[in-house]
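The paragraphs below go from strands to core to aromatic rings.

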Amino acid sequence: DMIRSRREGILFKPSTKFANLSSRLVERLYVLTENGVLQYYKKSSSKSSGQIYNFKSVELSYNHSKPGFIIVDDKRSHIFFTTTFEEAQEWVNDLRDFIIRRTATEGSITDDLSFIRHEDQR
């Protein structure tokens with residue numbers, strides 16, 4: 001039973017957790033699955049190298065000359081770079097959609113998301 005992807009594409013990520021402007025960038029194929037997991041693959045492999053899930057927030061990155069975005073999860077911030085600003089915005093929109101849907105199903109809707117209607121699951 002194959003999990004369908006919501007978005008996939010090549011993203012660039014600093015090679016170390018503590019990145020700076022001179023950090024080497026690593027190219028990976030990233031796949032955002034329909035259940036909100038961001039999986040990544042090395043170029044030569046069809047097996048997932050890892051995943052990011054349960055992200056708390058997603059923001060466009062304006063701190064660098066390259067277009068990109070930042071995902072914050074339980075553990076840390078992950079920065080990604082894209083080829084174009086439009087591509088970065090598309091990733092942000094899809095990732096935020098999962099945060100909104102997860103928040104709605106958990107029943108902890110914040111004031112700015114109160115327009116979303118959902119069934120009480122008690």
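What follows is a walk through the strands, the nonpolar core and the aromatic pairs.

This is a predicted model, in which local features need pLDDT of at least 70, side-chain atom pairs count only at pLDDT 80 or more, and totals for chains, interfaces and linings use all residues. Residues are numbered from 1 along each chain as its sequence is written, and side-chain values use heavy atoms, with hydrogens and water left out.

Begin with the strands. Helices (H or I, at least four residues) and strands (E, at least two) are DSSP runs, numbered from the N terminus. Two strands pair if DSSP finds at least two bridges between them. Strand β1 (residues 5-14) runs antiparallel to β2, and nine bridges join them. E8, for example, has V31 in β2 as its bridge partner. β2 also pairs with strand β3 (residues 38-41), again antiparallel, over four bridges; here L29 is bridged to Y41 in β3. Four residues lie between the strands in the hairpin of β2 and β3, where G36 takes a positive phi near 80°.

Now turn to the core. A nonpolar core is a set of buried Ala, Val, Leu, Ile, Met, Phe, Trp, Tyr and Cys residues joined through side-chain atoms within 4.5 Å. Buried means under 20% relative accessible area, exposed over 50%, and partly exposed in between (1.4 Å probe, protein chains only). The largest such core has 16 residues, and L38, F55, F69, I71 and F80 have the most contacts inside it. Two or more residues each come from β2 (25-33), β6 (68-72) and α1 (85-106), with α1 giving the largest share, six residues.

The aromatic rings come last. Rings of Phe, Tyr and Trp (its six-membered ring) pair if their centres lie within 6.5 Å; planes under 30 degrees apart count as stacked, over 60 as edge-to-face and the rest as tilted. The whole structure holds four aromatic pairs. Which arrangement do Y30 and F80 form? Their pair is edge-to-face, 5.1 Å centre to centre with 80° between the planes. Y30 is in strand β2 and F80 in strand β7 (residues 77-81), 50 residues apart. Y30 is buried, at 1% relative accessible area, and F80 is buried too, at 0%. The rings of F69 and W91 have centres 6.2 Å apart and planes at 15°, so this pair is stacked. Because F69 lies in strand β6 and W91 in helix α1, the pair ties together parts 22 residues apart in sequence. Y30, Y40, F69, F80 and W91 form one aromatic cluster.
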